[in-house]
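Here is a quick walk through the model for someone who would rather think about residues than read tables. Have the sequence and the 3D view open as you go.

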Amino acid sequence: GLNVVNIRSRLTLTFSVAVFLGVAIYSATLFYFYRSDLYANLDKLLRSDAETVEMALERHLGVGNEGRTTAPSLLDVEADSANWISEVWTHAGERVYFSGSSDEFPLGAIDGECVDEKRPESAFTLEGGIRVHCARSEAYPSEFTIRVARRIEKTAAQLRRFLLLMALGVPIVALLSALAGSFIARRALRPMTEITESARRISAENLSERLEVNDSRDEIGRLAITFNEMFARLETSFSRMQAFTADAAHELRTPLSSIRTMGEVALRKELDVESYRRVISDVLEETARLHRLCEGLLTLAKADSHELQFKREAIEVKPFVDKILDFVGVLAEEGGVEIRNAAGEGLRVFVDPLWFKQVLVNVIDNAIKFSPGSSIAISAEIIGRDVVVSVKDRGKGIPAESLPHLFDRFYRADHGRHRSVGGSGLGLAIAKGIVEAHGGSITVTSEIGIGTEVSIRIPGEKEI
């Protein structure tokens with residue numbers, strides 16, 4: 001709940017800040033263009049004022065008998081001195097005409113910033129709130145500079161009203177955006193709260209429950225689907241772990257019970273030396289079986305946790321198989337099984353020899369147990385960048401319904417036969433774990449009455 005609240009608060013704050021910045025930038029941009037437009041309109045009025053003065057100047061200027069101009073003070077210009085002032089200056093810097101009160105509008109003398117040869121007109125604002133426009137007039141027969149000015153109180157008042165509106169509007173928008181952001185964040189995160197509460201209710205006792213998925217197309221829906229997939233994997237793992245624990249306990253209980261029974265019988269009865277030797281021999285046999293079982297369980301645990309340590313090297317398949325056949329030859333002879341090494345020459349794999357030997361021994365040992373009095377062929381071929389080693393027997397075959405479970409731990413396709421030969425049901429599971437840890441795969445195909453083939457696909461002479 002705390003994390004969701006924190007996320008909601010951060011989302012609300014982020015949304016509010018984003019909206020506030022957006023509104024502030026928009027308002028500043030709007031103010032800039034509004035101000036520019038107001039001053040553009042004011043400058044337009046000033047240019048109109050200057051044109052009015054210039055037209056009056058041209059109308060009243062004339063040439064006398066002695067070539068003197070008529071006094072510009074006789075200009076008939078209608079001007080409201082309360083609103084604007086106009087002046088005419090000669091090229092020599094003498095003001096020859098003005099309207100309005102120069103005390104009320106202290107514009108000062110004409111300087112080079114007003115107009116020059118490169119800039120025939122200009123507009124600027126003086127301190128005191130006066131907007132000034134200068135323009136050069138070439139009224140015949142002399143050159144004059146016309147300067148007009150207006151108060152900017154009205155423009156400034158409009159800008160102040162606009163700023164006041166923004167000063168009141170932006171905080172209100174920010175507050176509304178915060179409320180809207182909180183509502184949107186709460187609504188958007190509500191499914192996450194439901195997912196959190198549902199996930200808390202799911203435990204090892206009810207892993208079969210799943211989260212409700214309202215819309216698989218959005219992020220929340222995909223999150224719920226991901227949780228459901230994770231719960232499915234956990235359920236499968238728990239089920240396998242429970243089954244594994246029960247099977248392991250069952251497998252361990254049998255030899256332990258045998259050892260205990262033999263020990264109790266030996267203690268209750270007076271036996272001769274030979275009988276004691278047989279009891280001890282049976283105890284050692286069961287102990288060896290326990291040891292193999294524990295070693296197998298340890299190997300599987302390391303394979304599951306990816307802790308198997310390998311010292312890989314390139315080995316040639318055919319001579320490697322020959323050595324293994326020397327090792328399992330006694331078992332083959334006891335079962336009347338003929339084994340033929342048909343692996344091609346020069347095929348090499350990049351594996352840990354000790355672990356790969358255990359894989360082949362486990363597979364060949366299974367083939368010997370399930371095909372007594374027949375034959376086994378071991379072959380190898382290159383498929384792509386991998387080498388496939390196959391062990392094919394001519395036994396009675398494995399039922400189709402048993403094939404998907406052959407690599408399950410403690411699984412026996414033929415329970416009676418397996419127990420008679422001392423199998424624990426871990427051989428193929430261990431082989432699969434080792435092969436997959438090498439980056440390979442192992443598969444089984446079988447037909448009733450024809451035989452079984454185990455194919456081990458392993459990377460070739462190349463480091464993984």
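## Strand β1 and its partners

Strand β2 (residues 95-99) runs antiparallel to β1, and the two pair over four bridges. Pairing here takes at least two bridges found by DSSP between two strands, and the strands and helices themselves are DSSP runs numbered from the N terminus (E, at least two residues, for strands; H or I, at least four residues, for helices). Val88 has Tyr97 as its bridge partner in β2. β1 and β2 form a hairpin with four residues between them, and Gly93 in the turn has a positive phi of about 90 degrees.

β1 also pairs with β5 in the antiparallel sense, over seven bridges. There, Ser86 has Val148 as its bridge partner in β5.

## Where the model comes from

This is a predicted model, so local features need pLDDT of at least 70 and side-chain atom pairs count only at pLDDT 80 or more, while totals for chains, interfaces and linings use all residues. Residues are numbered from 1 along each chain as its sequence is written, and side-chain values use heavy atoms, with hydrogens and water left out.

## A strand covered on both sides

How many residues of strand β1 (residues 84-90) are buried? Seven of the seven are, so the strand is largely enclosed by the rest of the structure. Buried means under 20% relative accessible area, exposed means over 50%, and partly exposed is in between (1.4 Å probe, protein chains only).

In a regular strand the side chains alternate between the two faces of the sheet. In β1, Trp84, Ser86, Val88 and Thr90 sit on one side and Ile85, Glu87 and Trp89 on the other, all of them buried.

## Salt bridges

The whole structure has eight salt bridges, each being a side-chain nitrogen of Lys or Arg within 4 Å of a carboxyl oxygen of Asp or Glu. One of them joins Arg150 to Asp49, with the closest N and O atoms 2.7 Å apart. Arg150 is in strand β5 (residues 144-151) and Asp49 in helix α1 (residues 2-60), so the pair ties together parts that are 101 residues apart in sequence. Both ends are tucked away: Arg150 is buried at 17% relative accessible area, and Asp49 is buried at 5%.

Glu87 makes a salt bridge with Arg95, closest N and O atoms 3.0 Å apart. Glu87 is buried at 1% relative accessible area, whereas Arg95 is partly exposed at 30%. A network of salt bridges links Glu87, Arg95 and Arg147.

## Nonpolar cores

A nonpolar core is a set of buried Ala, Val, Leu, Ile, Met, Phe, Trp, Tyr and Cys residues joined through side-chain atoms within 4.5 Å. The largest one has 51 residues, and Val317, Phe356, Leu360, Ile364 and Ile456 touch the most other members. Helix α6 (residues 353-370) gives the largest share of this core, nine residues.

A second, separate core has 10 residues, including Ala50, Val53, Leu57 and Val88.

Leu164, Leu168, Ile172, Leu175, Leu176 and Leu179 make a nonpolar surface patch of about 630 Å². Patches are made of residues with over 30% relative accessible area and no salt bridge, with like charges joined within 9 Å and nonpolar side chains (Val, Leu, Ile, Met, Phe, Trp, Tyr) within 5 Å; accessible areas come from the Shrake-Rupley method with a 1.4 Å probe, and for residues only the protein chains shown count as cover. Leu168 belongs to helix α2 (residues 153-201) and is exposed, at 52% relative accessible area.
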